[in-house]
Amino acid sequence: MHHMPPDAMGGMNADQMGMMPPDAMMGMDASMMNMMPPDAMGGMNADHMMMMPADAMGGMNADQMGMMPPDAMAGMNGDMMHHMPPDAMGAMSDAQMDMLPPDAVPQAAPMDDGGMGALGAALEPAAPDFAAPDSASDALGAAMDQATDQGAGGGAPDMGAPPDAGVETPVDDAPDVPDGVVPPDEPIV
């Protein structure tokens with residue numbers, strides 16, 4: 001095929017392409033691809049594609065891609081996709097896309113969000129770690145323990161002895177009445 005002039009490809013048809021040995025495609029170049037009639041692509045198969053140099057895809061057009069059998073796409077690779085003109089790539093059918101090997105499809109780079117993803121992650125509250133108590137929970141626990149020790153945890157306040165009950169203080173049994181006034185023996189009802 002190296003010795004074939006590119007314009008000779010203009011006379012190819014699908015039957016002739018189908019009869020071509022796949023290893024003959026190793027001599028294909030972009031100028032030969034450009035001269036091939038679209039209906040000749042109907043004779044291509046995966047073996048033909050696999051043997052063809054990647055830069056030969058640079059001569060393909062949308063009409064040729066439209067005539068290529070979907071199973072021939074199984075011979076494509078990423079380099080071929082890189083060399084294919086956009087109009088030829090845009091003419092690929094769903095059936096052709098389904099037959100492409102995964103490594104032939106260029107992976108899209110992650111979109112640059114201008115740092116918004118990182119900002120959002122930084123502003124999200126961290127999940128609390130309940131396994132390791134912090135100083136605030138320690139203080140709250142201590143206050144609750146102290147309240148329970150003083151009787152506040154039982155529902156009703158404990159009106160027991162005041163905290164200084166152990167200290168002896170003088171007790172005045174006399175009621176608080178002004179001097180010279182004697183309280184009655186019996187309460188007035």
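Below are my questions about the labels, each with a reply.

Reply: First, this is a predicted model, where local features need pLDDT of at least 70, side-chain atom pairs count only at pLDDT 80 or more, and totals for chains, interfaces and linings use all residues. Residues are numbered from 1 along each chain as its sequence is written, and side-chain values use heavy atoms, with hydrogens and water left out.

Me: Why is Met26 called partly exposed?

Reply: Buried means under 20% relative accessible area and exposed means over 50%, with partly exposed in between (1.4 Å probe, protein chains only). Met26 has 47% relative accessibility, so it counts as partly exposed. You'll find Met26 in the loop between helix H1 (14-19) and helix H2 (30-35).

Me: How many helices and strands does the protein chain have?

Reply: The chain has 9 helices and 0 strands. Those are DSSP runs numbered from the N terminus: helices are H or I with at least four residues, strands are E with at least two.

Me: How much of the protein chain counts as buried?

Reply: Of its 189 residues, 22% do.

Me: What does Met36 touch, leaving out residues up to four places away in sequence?

Reply: Contact means heavy atoms within 4.5 Å. On that basis, Met36 touches Met9, Met12, Met17, Met28, Met41 and Gln64.

Me: What share of the protein chain's contacts between residues at least 6 apart in sequence join residues at least 24 apart?

Reply: That share is 74%.
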